[in-house]
Amino acid sequence: MADITLKDIRKSYGRTEVIHGIDAHVEDGEFIVIVGPSGCGKSTLLRMVAGLETVTGGEVSIGDRVVNDLEPRERDIAMVFQNYALYPHMSVFDNMAYGLKIANVPKEEIRARVTEAARMLELEPYLDRKPRQLSGGQRQRVAMGRAIVRKPAVFLFDEPLSNLDAKLRVQMRLEIKALQRRLGVTAVYVTHDQVEAMTLADRMIVMNAGVAEQIGAPLEVYANPQTLFVAGFIGSPPMNVLRTEVRDGTAVVGGGYEVRGRDLATGSVIGVRPEHVNLVAAGAGLFDATVDFCEPLGAETLVHTRTDAGDSLVVRIDGEAVFPSTGDRVGLIADPVRLLAFDAAGRRIASLADLSP
Amino acid sequence: MSGMVERRGIGVWLTHAGLVLGIAIICFPIYIAFVASTVDQAALVTPPMPLVPGGHFLDNYHEALFVGANAPVWLMLANSMVMALGITVGKIAISIISAYAIVYFRFRFRMVFFWMIFLTLMLPVEVRIVPTYEVAAGLGLLNSYTGLILPLIASATATFLFRQLFLTIPDELVEAARVDGAGPVRFFIDILLPMSRTNIAALFVILFIYGWNQYLWPLLVTTDPSMNTIVMGIKQMLPTGDEVVEWPVVMATAMLAMLPPVLVVIFMQNLFVKGLVESEK
């Protein structure tokens, strides 16, 4: 058991810096998810914690040790890889036991620990099989078993579910969470899937282009994104983004709604979640829009509209509600509290309610 | 299911006839050699050549094995075996280790070394045989197993093959091993060697036959009949001058010389195919 501290972590390949100074603290026993689009540096960050990449600048501490110069095996970590990275020539048992064998753990104890992990992961019938005789989900379990038997201070997961099909992914997601809870081991989990991040994380680090854009609990990040990038990345469908237009000193969105905030400069945008917008009769809302098309998904229907200013705006309505047809004119309303303002650089200003006189 | 075209009726007969014909053409000389090794000298030299085995099988093979011409065949077989195994094991060991170094370690001039090894592919034994002889002679390696094996022991082909194999092993596997605590030596022994076993088996077959069939180099480096290898020994059995050639004995020797490579192919092929089916990357 240990906490992890990242202090101004930087990584360069040659002259190109890919991670530009990340500070974060992972509490003991916490499940933290690093989420971001591909190429944002999230895997690199994880691999620096694991010791598979050198740290160019800053300090990685696990527990109270600075581990920058330690080999992975000396860091008391275990890692689960995206493609499972099982040794193809070894049986499931040997795969799980290999790390312990190297660490010269006595045979009896290896057997006990592997059996225990196999029981926990329901892998007992497969201990003698080779990895290729297992399904994707089972291989993933073996990879987790290999991590568990080591009894590490920290679990590191590098997109462990991306190779599984959608249904299995949901199931394994729950299992990973439950397992981490049960073992109480600190976990750092990297994914590009924001749903995985939302459901697994105690706290998440949203990364973009080598920078931690926001660190916080999932719902906090969802409700209060600090940057436009986070607003767009977390949530599906993403937050609607409306450009503003400054007319005679007043910012206007959607071609009609005058934002009474005083500080909205040219180039700032308004963000609003699809579930925070409602449809009303044309002319009765803040501004009007034209319906492009509707996606009935059962529990909800997504109404894709286009404002008169030309921004697309998605409205999430109840699945049983009657939805408009393509070409209809509709009015849109939203609680001003739910309208989030971002400046031209994409940084959060405040909610409009704070700005209104 | 498979891409094979299904043939019926006359097609089956035609293809089989073609195969049988091909096999017959390839096997006939070997059969003749076998027949020649089972008859006596008189029967062989009076035309027409016999086409059915005679009754001197044991005599001829006994004479070949234990008397021979310059050296008994069993000794030459033993020499060949030592040389072929030495070359095979040496080539595999050296090339797998150099491929390991080239793929997994970052050191200065890594690519220079790789290209130097690669360039030697263009220089077969025959091209460099005179300087090699000079060096071997200077080191006092003539008429020794070391002299037979050492100059042939490096293999660019095998190094290249192992390099390509190692490049297909995913990096994550290497990293998993690192996290598990395996150092470079353990990784090599526990992970890389077992994962290469099918390639090792394939190379063993190819290189054993290569080593066994060496002719020019043993001819140069061994002058002492007790160091002769079987392939060059057959040639040595053909006397110069007026002596009578004991053809049945020579043929028996040829048959015996053919035996080990055939056995290696038969047994290793089994393992090789089995390994291929089992392997997965």
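Let's start at a turn. In chain A, β9(A) and β10(A) form a hairpin with two residues between them. A:Ala209 sits in that turn, with a positive phi of about 50°.

Some ground rules. This is a predicted model, so to speak: local features need pLDDT of at least 70, side-chain atom pairs count only at pLDDT 80 or more, and totals for chains, interfaces and linings use all residues. Residues are numbered from 1 along each chain as its sequence is written, chains are lettered from A and ligands numbered from 1 in the order in which they are written, and side-chain values use heavy atoms, with hydrogens and water left out.

β9(A) and β10, residues 211-216 of chain A, pair antiparallel over five bridges. Pairing needs at least two DSSP bridges between the strands. A:Met207 has A:Ala212 in β10(A) as its bridge partner. What does β9 of chain A, residues 203-208, run parallel to? Strand β3 of chain A, residues 31-35, joined to β9 by four bridges. There, A:Ile32 stands opposite A:Arg203.

Next, the open sheet. Four strands of chain A, in the order β2-β1-β4-β5, with antiparallel pairing. β2 (16-26) and β5 (65-66) of chain A stand at the edges with a single partner strand each, so one side of each has no neighbour in the sheet. β1 of chain A, residues 4-13, pairs with β2(A) over eight bridges. A:Ile9 is opposite A:Ile22 in that pair.

Helix α1 of chain A, residues 42-50, lies across β1, β2 and β4 (57-62) of chain A. α1 runs at about 115° to β1(A). That angle is taken between N-to-C directions, from 0 to 180 degrees, with axes fitted to C-alpha atoms, for helices over the stretch in contact.

Now the interface. 20 residues of chain B contact 26 of chain A, contact meaning heavy atoms within 4.5 Å. The two chains bury about 2,100 Å² between them, 53% of it on carbon and sulfur atoms. Buried area is the accessible area lost on putting two parts together, with a 1.4 Å probe, summed over both.

How many salt bridges cross the interface of chain B and chain A? Three, by the rule of a Lys or Arg side-chain nitrogen within 4 Å of an Asp or Glu carboxyl oxygen. B:Asp180 forms a salt bridge with A:Arg150, closest N and O atoms 3.4 Å apart. On the side of chain B that touches chain A, α9(B) gives the largest share, eight residues.
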